[in-house]
Each structure stands twice: as C-alpha cells, then as structure tokens.
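Q: I would like to learn how to read a structural model, one feature at a time. Could we take the chain shown below as the working case?

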Amino acid sequence: MDRRKSIKTLLIGAAGTGVLVEACKETGKKETGALPDVAAVADRMQEEKDYLTKMGAGETFFTPHEMKVITLLSDIIIPADAVSGSASQAKVPEFIEFIVKDMPEHQTPLRGGLRWLDMLSAKRHEKSFADITDQERLALVDLIAYPEKASPEMKQGVSFFNLMRDLVTTGFYTSEMGVKDLDYKGNVPNQWNGVPDDVLKQYGYAYSEKELKECISYEKTAG
C-alpha cells in the first residue's frame, strides 16, 4: 500500500489527533496577509465574514523560511500522483497558516518543531532543511515519521511530525482536490428504477402491471 492510500485508510478509519510539542519559542518576522476572496465568503453570516476578513487581513504567523519548510514537508507527506496534485497544490500550507491563527495552541509546537528540524539538518548537513537535497530531506523525515522505530532522542521530532501529518492530511482531504481524490460523491440526485428484479424474487415479491405501467422508468446510458 502506498503512502497516499495508507493516509486515506487512516483518515477514513479514525480522526487524527494533534500531538502538542514542548518547544522553544522563536520570534518570527510578521508580514501582512492577503484578504480572503470575497466570492468565497459571500454566502456566510456577517460575523463569519468579519472574522475571516480579520484573519486574512492580519499579520501572518510563519516567516517565509518556515512556510518553505512547511511546504516541503507537506509535499513529502502527500506528494502529487496520477490521481491528484500534491498537498501544496491543494493550498495546505495556507490552511496551516490559517489554523495556527485560528487555534493559537498550535503555534509553539509547530514553530518549535520547525526550528528543531532545522537544527537537526544543520547538525547532520551543515545546512537548513530547506537547503539540503530531496534525498537528504527524506532521510531526516524517516527518522521521525515512524514513532515505533524512532530513537529516544528523536522524541520531540516525532511529536512535531505527528502534528504536521495530522494538519496536512486534514487540510488536503477537506480541500476540493482532496475530496475528489477520495471520490466522495456526497448527496447527489440519482435515478431509481425500483427494487431490482432478483431482489424482489428473492423475497417473493413483484411489481404489478399497473405499477410498472404508471411508474417512471429510467434507461441506463453509457458512461
């Protein structure tokens, strides 16, 4: 089973749980964020519009470097495949930026985890996580992606990656791209021709001539 199928199985089977990390605080550079798309909030209540506008117009939490690392991690967790695009193409990093402003309890664990990852990368490669090769990034992620195999000194990194994985999968599979990836149809209109003949026969029932004549019947079409 590949990574995407494994994530989808876990997501469908149970809700992910965020793991908080005890991490050091880092004062990040603040930047002005973009306002949310007016069309996207047109059908919201006014208090929701005001809140979303405030969230979009306020200062961003993550620095450009942190967002780059979040983007790299997001695409490692959910890469593009033949079915759909990657996590970053589904705007998961922007989702995580929104979440940390909406749920501030995630700010310290994520910022501390990002700093921890950069320190690990610097220790092993003398470069930040964003500046090492793809192969080197995957090797570092492998150290923290599997809790049962991780060494004790990787405990903080494991907790951070668990939280990142929860946020990335939540962001992706609640996006339009992720919903299509799951092939979720939701409540859609259909055409029903009644109970199939074999089921009726199994229970000793049959439609009367009058019912067959008066009820609407839909013909199956190709595709």
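A: Begin with an exposed residue: at 74% relative accessibility, Glu-126 counts as exposed. The cut-offs are under 20% relative accessible area for buried, over 50% for exposed and partly exposed in between (1.4 Å probe, protein chains only). This is a predicted model, where local features need pLDDT of at least 70, side-chain atom pairs count only at pLDDT 80 or more, and totals for chains, interfaces and linings use all residues. Residues are numbered from 1 along each chain as its sequence is written, and side-chain values use heavy atoms, with hydrogens and water left out.

Q: What is the secondary structure of the protein chain?

A: The protein chain has ten helices and zero strands. Helices (H or I, at least four residues) and strands (E, at least two) are DSSP runs, numbered from the N terminus. Of the 223 residues of the chain, 35% count as buried.

Q: How do I read a nonpolar core, and how many residues are in the largest one?

A: In soluble globular proteins, nonpolar side chains tend to be buried together. A nonpolar core here is a set of buried Ala, Val, Leu, Ile, Met, Phe, Trp, Tyr and Cys residues joined through side-chain atoms within 4.5 Å. The largest has 37 residues, and those with the most contacts inside it are Leu-73, Ile-96, Leu-110, Phe-129 and Met-164. H3, H4, H5, H6 and helix H7 (155-173) each supply at least two residues of this core. Its largest share, nine residues, comes from H7.

Q: Which residues is Met-164 in contact with, leaving aside its neighbours within four places in sequence?

A: Contact means heavy atoms within 4.5 Å. With those neighbours left aside, Met-164 is in contact with Ile-70, Leu-73, Ser-74, Ile-77, Ile-96 and Leu-110. Ser-74, in helix H3, is buried, with a relative accessible area of 0%. Under the same exclusion of neighbours within four places, the contacts of Ser-74 include Ala-87, Val-92, Pro-93, Ile-96 and Val-168.

Q: Which residues of H4 are buried?

A: They are Val-92, Pro-93, Ile-96, Glu-97, Ile-99 and Val-100. These residues are on the same side of H4, because they cover an arc of only 160° around the axis. The arc is that of the directions from the helix axis to the C-beta atoms. The cover over the buried residues of H4 includes H3, H5 and H7.

Q: Which residues form a nonpolar patch on the surface?

A: Trp-192, Tyr-207 and Leu-212 form one, with about 360 Å² of accessible area together. Accessible areas come from the Shrake-Rupley method with a 1.4 Å probe; for residues, only the protein chains shown count as cover. Leu-212 is in helix H10 (residues 209-214) and counts as exposed at 52% relative accessibility.

Conventions:
Patch = residues over 30% accessible without salt bridge, like charges linked within 9 Å, V, L, I, M, F, W, Y side chains within 5 Å. Salt bridge = Lys/Arg side-chain N within 4 Å of Asp/Glu carboxyl O.
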